[in-house]
Amino acid sequence: MPTQHRAIQSRQALIRSAAETFLEKGVPAAGMVEISRRARLSKGALYFHFTSKDDLTLAVRDSALASLQEIEDAFTRSPEPLPHAVRDFAVELFGRVRTDAVLRAGLRLRPETAPGLGIYALEQRWYALFLDKAVTCGTGSPGGPAAAHAPDAEPRRTAQLLTSVVVGLLHLGGEDGTWWDEEAVAGLWALLPEAPDRVPAAGVPAPAQLPAAG
């Protein structure tokens, strides 16, 4: 195996090991020796790639952000109108969070440790993402051409509602993973209003008012 390929594999193994250890013990209690042993690599190999636990924690954050970006890019490319695209986004997001320890650990890092992954950063990020699609793609029937999608009469309100749902599910699933089940997400989406003029005007919090996940 080429040396460069081995180095990439070792680095990825250490990031995954760190994420799993962070999930089990928390960042403060996670030891570098334990992380290297879990990855089946020497302590020297660990310090070859990462100078400190802070450096390794940032690598977990960056890897989690990269995974999140992949999911968001797929959402952006989706030809579906907003409600259906956000449903698919939520299913993919929660499926990845369940199975990807690095993404799950990254989302649990403290905001000051992992800028961009805190709950408020995510709500603002997703609100902007959903709002852009509400404006550009509307809320027509799924699977139809973009031109056939009806423009959203109140895109901000629709984006706020859907952001609230996704952020709320992310928070709830941290305590009970059944909230992230694909059937549960699809069932919840079936209860949402289809057209923007059926979204209740009152009681939908703006992103800055959404509750923190703790």
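Does Lys25 count as buried, partly exposed or exposed, and at what relative accessibility?

A: Lys25 counts as partly exposed, at 44% relative accessibility. Keep in mind that this is a predicted model. The cut-offs explain the label: buried means under 20%, and exposed means over 50%.

Lys25 has a charged partner. Glu34 forms a salt bridge with Lys25, and their closest N and O atoms are 3.1 Å apart. Glu34 is partly exposed too, with a relative accessible area of 24%. Side chains of opposite charge can pair when their charged atoms come close.

The structure holds 8 salt bridges in total. Another of them joins Arg38 to Glu20, with the closest N and O atoms 3.5 Å apart. Arg38 lies in helix H2 (residues 32-38) and Glu20 in helix H1 (residues 3-25), so this pair ties together parts that are 18 residues apart in sequence. Arg38 is partly exposed, with a relative accessible area of 31%. Glu20 is also partly exposed, at 27%. A network of salt bridges links Glu20, Glu24 and Arg38.

Arg87 and Asp88 make a further salt bridge, at 3.3 Å from N to O. Arg87 is partly exposed at 27% relative accessibility. Asp88 is partly exposed at 37%.

Now move inward. In soluble globular proteins, nonpolar side chains tend to be buried together. Here the largest nonpolar core has 54 residues. Those with the most contacts inside it include Val60, Leu93, Phe94 and Trp126.

Leaving out residues up to four places away in sequence, Trp126 touches Leu68, Glu72, Phe89, Leu93, Thr163, Val166, Val167 and Leu170.

Aromatic rings also pair up. The structure holds 5 aromatic pairs. Phe75 and Phe89 form one that is edge-to-face, with centres 5.7 Å apart and 70 degrees between the planes. Phe75 sits in helix H4 and Phe89 in helix H5, 14 residues apart. Both residues are buried. The rings of Phe94 and Trp180 have centres 5.9 Å apart and planes at 5 degrees, so that pair is stacked. Phe94 lies in helix H5 and Trp180 in the loop between H8 and H9, so the pair ties together parts 86 residues apart in sequence. Phe94 is buried, with a relative accessible area of 0%. Trp180 is buried as well, at 6%.

Ring pairs also link Phe75, Phe89, Trp126 and Phe130 into a cluster.

Of its 8 residues, 6 are buried, so H6 is largely enclosed by the rest of the structure. Those buried residues are Ala101, Val102, Leu103, Ala105, Gly106 and Leu107. Asp100 caps the N-terminal end of H6, with a side-chain oxygen 2.9 Å from the backbone nitrogen of Val102.

One last stop is Leu192, in the segment after helix H9 (182-190). Leu192 counts as buried, at 18% relative accessibility. Beyond its neighbours within four places in sequence, Leu192 is in contact with Leu162 and Val165.

Methods
Residues are numbered from 1 along each chain as its sequence is written. This is a predicted model: local features need pLDDT of at least 70, side-chain atom pairs count only at pLDDT 80 or more; totals for chains, interfaces and linings use all residues. Side-chain values use heavy atoms; hydrogens and water are left out. Buried means under 20% relative accessible area, exposed over 50%, partly exposed in between (1.4 Å probe, protein chains only). Helices (H or I, at least four residues) and strands (E, at least two) are DSSP runs, numbered from the N terminus. A polar contact is a pair of N or O atoms within 3.5 Å; within protein, one must be able to donate a hydrogen and the other to accept it, and residues adjacent in sequence count only if both atoms are side-chain atoms. A salt bridge is a side-chain nitrogen of Lys or Arg within 4 Å of a carboxyl oxygen of Asp or Glu. Contact means heavy atoms within 4.5 Å. A nonpolar core is a set of buried Ala, Val, Leu, Ile, Met, Phe, Trp, Tyr and Cys residues joined through side-chain atoms within 4.5 Å. Rings of Phe, Tyr and Trp (its six-membered ring) pair if their centres lie within 6.5 Å; planes under 30 degrees apart count as stacked, over 60 as edge-to-face and the rest as tilted.
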